[in-house]
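I opened this structure for a look around. My notes follow.

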Amino acid sequence: MNKGKYKVSYIDAGGCNGCYIEIVAALYSKYNPEEINVEMVDSAGQADILIITGPVNTRNKEDVLNDIKQAKEPKKIMVVGGGCGISEGIFKGSYNTRGPIDKLEKVDLYLPECPVKPQAVIEGLKTLVEELDEERNRK
Ligand code: SF4
């Protein structure tokens, strides 16, 4: 059973914004995230679930890690994007790349499309909400 509404925050770790557009479409539109008990918030500090895109780079690495640290516990991390967040894509091997994110933090779910589809974002969030429900109901 759900124990309250889960908050979702987005972290841009240097993606191209292609996935971000689809994430916004999933969380603010006809896909009705309310039905799966999630809502978007601006601050990672309010979040139970973090959606991250991008390969992580020198400039944003500390900010990304600080945002992750601020999220509520237990938190879930979903990395979106086979073209950069998961594989580093065209950024792989760059002098400036510091990821991928799972080199720096534990990731709970990967969505590998480039760009992701809004339906996949909703399905991914459903999975993480179920996991959070289970973990919180155990307490
Ligand atoms: S996975 Fe592809 S579409 Fe998504 S942010 Fe990375 S490069 Fe852009």
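How many nonpolar, polar and charged residues are in the shell around the ligand? I found five nonpolar, eight polar and no charged residues. Here Ala, Val, Leu, Ile, Met, Phe, Trp, Tyr, Cys and Pro count as nonpolar, Asp, Glu, Lys and Arg as charged, and the others, Gly among them, as polar.

The model is predicted: local features need pLDDT of at least 70, side-chain atom pairs count only at pLDDT 80 or more, and totals for chains, interfaces and linings use all residues. Residues are numbered from 1 along each chain as its sequence is written.

I listed the ligand's surroundings next. There are 13 residues around it, and the closest are Gly-15, Gly-18, Gly-81, Gly-83 and Cys-84. A residue is near if its C-beta atom, placed from the backbone, lies within 6 Å.

Then I checked the fold. The protein has three helices and five strands, in the order β-α-β-β-α-β-β-α from the N terminus. These are DSSP runs: helices are H or I, at least four residues, and strands are E, at least two. The C-alpha trace spans about 45 × 30 × 20 Å along its principal axes.

I looked at burial. Of the 139 residues, 42% count as buried (20 or more other C-beta atoms within 10 Å of a residue's own, all placed from the backbone).

Last, I picked out Ile-51. Leaving aside neighbours within four places in sequence, Ile-51 is in contact with Val-8, Tyr-10, Ile-23, Met-78 and Val-80. Contact means C-beta atoms, placed from the backbone, within 7 Å. Of the contacts with a separation of 6 or more, 81% join residues 24 or more positions apart.

Note on methods. Contact = placed C-beta atoms within 7 Å. Buried ≥ 20, exposed ≤ 12 C-beta atoms within 10 Å, placed from the backbone.
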